[in-house]
Every structure is written in structure tokens, then in C-alpha cells.
Amino acid sequence: MRLLSTLLLILGLTGALAAQAPKEKVIVVSWGDLIGNPRFQGVAQLDTPESVRIAAKLWKERGVDKVLFRVDDWRYLLFHDIYMPEGGHYDAYRKNTVRAWETGVLPAAVEAVKAAGVEIHMWISIVDEGTAPAVFYNDTVPFPWQSRFVKAHPEMQSADRSLTESGRKYHEGVLEFAYPEVRAYVLEQIRAFSDKLPFDGVFLSYRSHSPPPPHADQFGFNAPVVEEYQRRYGKNILRQNFDL
């Protein structure tokens with residue numbers, strides 16, 4: 001009986017592991033990190049059309065089924081003001097990003113990956129609009145970029161409940177999707193790439209470089225949210241206590 005129980009346990013575990021086996025092998029390519037990190041050299045930087053063509057063949061040989069290719073660094077070029085000073089690490093990153101865009105690294109990557117028989121999905125961040133240089137990036141240097149949309153519409157960032165002497169506090173760089181203008185703007189960013197290149201899909205990332213809030217329920221008290229909550233439940237969440 002003990003042997004039979006052991007065999008049944010082994011068979012059960014084997015079946016469970018087989019059921020949990022990954023259905024596809026996915027590689028995540030955070031492009032800006034590759035060119036900005038000195039540990040990555042040569043083909044690994046993916047900074048030329050030729051290097052991405054070589055990489056696509058290697059990924060196929062290693063059984064990769066899908067590539068999530070990050071386009072955020074070019075999104076910054078198209079939709080943001082860049083504050084990176086001349087000289088130093090960030091200046092080199094900026095110049096590499098511009099050169100890669102002008103030499104067609106992204107179209108080459110899409111073409112090469114698809115030609116290798118691998119899916120390529122556009123990885124784009126949707127809560128990462130940056131902020132003014134007065135806010136420190138990574139607690140070390142002035143923030144290097146900020147979207148022009150946020151500069152024009154700071155009130156469409158996620159808002160704090162309380163008011164300060166200077167007005168409403170916002171989660172800088174994090175948009176409030178209750179506004180139709182925000183949704184239209186994010187779609188514009190997505191379509192700047194998806195309408196021009198034959199990606200197989202779009203991966204919406206919630207990765208953000210913005211400073212995190214001190215507590216989880218600090219932000220999200222924008223006018224459309226306040227109005228909808230009052231319509232549904234009869235309470236003004238800016239002035240009345242409510243059930244979180």
C-alpha cells in the first residue's frame with residue numbers, strides 16, 4: 001500500500017507539473033536598459049538594425065515564441081521634453097536613442113523577429129509620463145523627461161484627496177484614466193507605433209519611474225471619480241468619510 005501510495009503521489013505531482021508547464025517562451029526586451037547599461041556590449045545592445053537581426057535569429061534558435069519589445073524610449077522622443085544635460089551617461093543614452101530611431105532599429109526588429117517566425121508585441125508603459133527636473137529621478141539626479149501632455153494638463157494626473165496651501169497634490173507622471181482626454185492621449189502614443197509597424201500585439205505595462213506614494217490610497221480623487229462615486233453612493237469622497 002505504501003508503494004502504491006508513493007507511486008500515486010509521484011504520478012499526481014508529475015501531472016500537476018505538466019499542467020503548469022509554460023505554454024510559450026517569452027523574452028522581455030527593455031530596449032533603453034540595454035543601451036544604457038555598460039554591461040551589455042555588441043549585439044546585446046540592439047542599437048543597430050544589424051544587431052537586432054542577429055538577435056532575432058538567436059532568439060528563434062533558443063526556442064523563443066514571443067518577444068515583448070519596449071518602445072518607451074522612443075515614446076519619450078516623440079511625446080516628451082527631454083531634460084538630459086550635455087555630456088555624461090544620460091547624454092550618451094539620449095544620442096544612442098536618437099540614432100537608433102533615425103536608423104530604423106525598431107522597424108528592423110519587428111521585421112526580423114517576424115521573419116524568424118517569432119511573435120513580437122509592442123511593450124509600452126501607460127503610467128510613466130515623467131516629471132519636472134525639480135523631482136529627483138532614482139533619488140540621485142534631476143528627472144530627465146516629462147510629457148508635454150502632463151505639462152499642459154497637470155490636473156489630469158492622479159490627485160490626492162487633501163488640499164495643500166499650493167493647491168491639489170498630484171501623483172506626478174501617473175495619469176488618471178477617468179478623463180477621456182487621457183485615454184485619447186494614451187491611444188495616440190500607442191498608435192504612433194502600432195499603426196506604422198505590424199506588431200502582433202500590444203503589451204500595456206504599469207511600470208513607472210515616478211516616485212511612489214507614501215500609502216496606497218493616497219491618489220485617485222479626481223473630479224470624474226468624485227462625481228461618479230457621489231452619483232452611485234450619495235457621498236462626496238472629498239468631504240465625507242466612505243468605505244474604502
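**Close-up views of a predicted model**

Figure 1. The buried positions of helix 5 are Asp-91, Tyr-93, Asn-96, Thr-97 and Ala-100. The end C-alpha atoms of helix 5 are 22 Å apart, which agrees with the 21 Å that its 15 residues should span at 1.5 Å a residue. After helix 5 comes Gly-104, with a positive phi near 80°.

**Figure 2. The largest pocket.** The volume of the largest pocket is about 210 Å³. Its lining is made of 15 residues, of which Gly-32, Asp-33, Tyr-90, Tyr-93 and Tyr-137 are the closest to the centre. At least two lining residues come from each of helix 2 (31-36), helix 4 (72-79) and helix 5 (88-102). By class, the lining of this pocket comprises six nonpolar, five polar and four charged residues. Tyr-93, one of the residues closest to the pocket centre, is also one of the buried residues of helix 5.

**Figure 3. The largest cavity.** The structure contains one cavity of 30 Å³ or more. The largest cavity has a volume of about 50 Å³. Its lining consists of Asp-73, Tyr-76, Leu-77, Ile-82, Met-84, Tyr-93, Arg-94, Thr-97 and Trp-145. Helix 4 and helix 5 each contribute at least two residues to the lining of this cavity. Six of the cavity-lining residues are nonpolar, one is polar and two are charged. Tyr-93 lines this cavity and is also listed among the residues closest to the centre of the largest pocket. Thr-97, another residue of the cavity lining, is buried in helix 5.

**Figure 4. The largest nonpolar core.** This core has 48 residues, and those that touch the most other members are Leu-46, Val-67, Phe-69, Trp-74, Phe-193 and Phe-199. Helix 6 gives the most to the core, with seven residues. Leaving out residues up to four places away in sequence, Val-67 touches Ile-27, Val-29, Trp-59, Val-113, Val-118, Glu-119, Ile-120 and His-121.

**Figure 5. Leu-46 in its loop.** Leu-46 is located in the loop between helix 2 and helix 3. Its relative accessibility is 3%, so Leu-46 counts as buried. Leu-46 is also one of the core residues that touch the most other members. Most residues other than glycine have a negative phi. The phi of Leu-46, by contrast, is positive, near 55°.

**Figure 6. Leu-58 and Ala-116.** Leu-58 belongs to helix 3 (residues 49-61). Because its relative accessibility is 32%, Leu-58 counts as partly exposed. Leu-58 and Ala-116 are 58 residues apart along the chain, and their C-alpha atoms are separated by 9.4 Å.

**Figure 7. Pro-154 and Val-135.** Pro-154 is found in the loop that lies between helix 7 (148-152) and strand 8 (157-164). With a relative accessibility of 34%, Pro-154 counts as partly exposed. A distance of 15 Å separates the C-alpha atoms of Pro-154 and Val-135, which are 19 residues apart along the chain.

Conventions:
Residues numbered from 1 in each chain as written. Predicted model: local features only at pLDDT ≥ 70, side-chain atom pairs only at ≥ 80, totals over all residues. Heavy atoms only, no water. 1 Å grid on protein atoms, 1.4 Å probe; cavity = no way out; pocket = protein on both sides within 12 Å on 5 of 7 lines; lining within 4 Å. Points joined across faces, edges and corners; volume = space filled by probe spheres on them. Helix = DSSP H or I, 4+ residues; strand = E, 2+ residues; numbered from the N terminus. Nonpolar A, V, L, I, M, F, W, Y, C, P; charged D, E, K, R; others polar. Expected span 1.5 Å × (residues − 1). Buried < 20%, exposed > 50% of the residue type's maximum accessible area, 1.4 Å probe, protein only. Core = buried A, V, L, I, M, F, W, Y, C linked by side-chain atoms within 4.5 Å. Contact = heavy atoms within 4.5 Å.
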